[in-house]
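Let's take a look at this protein together. Have the sequence and the 3D view side by side as you read.

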Amino acid sequence: MTATAPVHEAVVHQAAVHEAAVHETVAHGLPVHALAVYDGSGVSGGLYSRVVGWADAAPHWLDRLVALWSLLGLGLFALLMLAAWWRARDGGPAMMARVLASAPVVLVAYVVNSGFKGVVEEVRPCAQLRVRDTLESCPGPGDWSFPSNHTVIAFAAAAALFLVDRRIGAVAAVAAVLMGASRVWVGVHYPHDVLVGAVVGVLVAVPLVLAAGRAGPLVAHARTGPLRPLLGAGAAAAVVGAGRPVGARRD
């Protein structure tokens, strides 16, 4: 990886990126509008340049490992959701309801984040700062940087899993941090893209997953029917009300 160009070149380069984005729009037959592309280099461009410099100096095996994780690491969260589902088969109905909501909640977080991307339209740092040899190919014009989709997905999944099973959620949280860091290391995101992406993922996931827990009675009913093999039998003592096992005496 070559060293990055000085950050002060960003202003000049932004005009070229803007023109390329317009040409891309025309090429796809879309209506031309004033693209309000945003230069994020003034927010964390210096830290970004430092990180890609570290990547440039890092051993080849480490760079390959980080790039592979950045490319395929989201699959781990799917596996952790499967593990949470398996454990929830022996848990209360609210726990299972939250597990079943986890994947749709992550999808909602992705859609919300895509909306933010379309509003801000921040140029990728590798394009803005002319970093030619990033570990991951620099996305083309119109593929905006802020916030990071990978980070949003990772942190939304981690937050959802933590509300289901704290052990699995802790593993997911570490993986989410590593995913966010990898997106800067491979050169396709600013640090602030990752930070805000983490916040978006958590803020979207937590209230939705908590709300999904209210569907516990529906899960409890479904466990008595043909979906029982999928949903499991649940805990031996179902929890009701304010956390009281069925049949417990009131004080």
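**The whole fold**

First, keep in mind that this is a predicted model. Walk along the sequence and you get α-α-α-α-α-α-α-α-α-α-α-β-β, so the helices come before the strands by the way DSSP runs are numbered from the N terminus. The protein has 251 residues, and 45% of them count as buried. Now take the contacts between residues at least 6 apart in sequence: 79% of these join residues at least 24 apart.

**Two helices that pack**

Two packed helices are described by the angle between their axes and the distance between the axes. How do α5 and α9 pack? Helix α5 covers residues 93-120, helix α9 covers residues 191-212, and they meet at an angle of about 145° with their axes 9 Å apart. The crossing of α5 past α9 is right-handed.

Which residues touch? On the α5 side you'll find, among others, A97, R98, V105, N113 and F116. On the α9 side, the partners include V200, V204, L208 and A212. Sorted by class, this contact has 14 nonpolar residues, one polar and one charged.

**A closer look at α9**

**The disulfide**

A disulfide is a covalent bond between the sulfur atoms of two cysteines. The count here comes to one disulfide. C126 and C138 form this link, with their sulfur atoms 2.1 Å apart. The angle about the S-S bond is 80°, and the link of C126 and C138 is right-handed. C126 lies in helix α6 (residues 125-128), while C138 is in the loop between α6 and α7 (149-162), so the pair ties together parts that are twelve residues apart in sequence.

How accessible is each cysteine of the pair? The table shows both.

| Cysteine | Relative accessibility | Class |
|---|---|---|
| C126 | 3% | buried |
| C138 | 30% | partly exposed |

C126 counts as buried because its 3% is under the 20% cut-off.

How values were computed:
Residues numbered from 1 in each chain as written. Predicted model: local features only at pLDDT ≥ 70, side-chain atom pairs only at ≥ 80, totals over all residues. Heavy atoms only, no water. Disulfide = S-S within 2.5 Å. Helix = DSSP H or I, 4+ residues; strand = E, 2+ residues; numbered from the N terminus. Buried < 20%, exposed > 50% of the residue type's maximum accessible area, 1.4 Å probe, protein only. Axes fitted to C-alpha atoms, helices over the stretch in contact; angles between N-to-C directions. Left-handed = near helix turned anticlockwise from the far one by under 90°. Contact = heavy atoms within 4.5 Å. Nonpolar A, V, L, I, M, F, W, Y, C, P; charged D, E, K, R; others polar.
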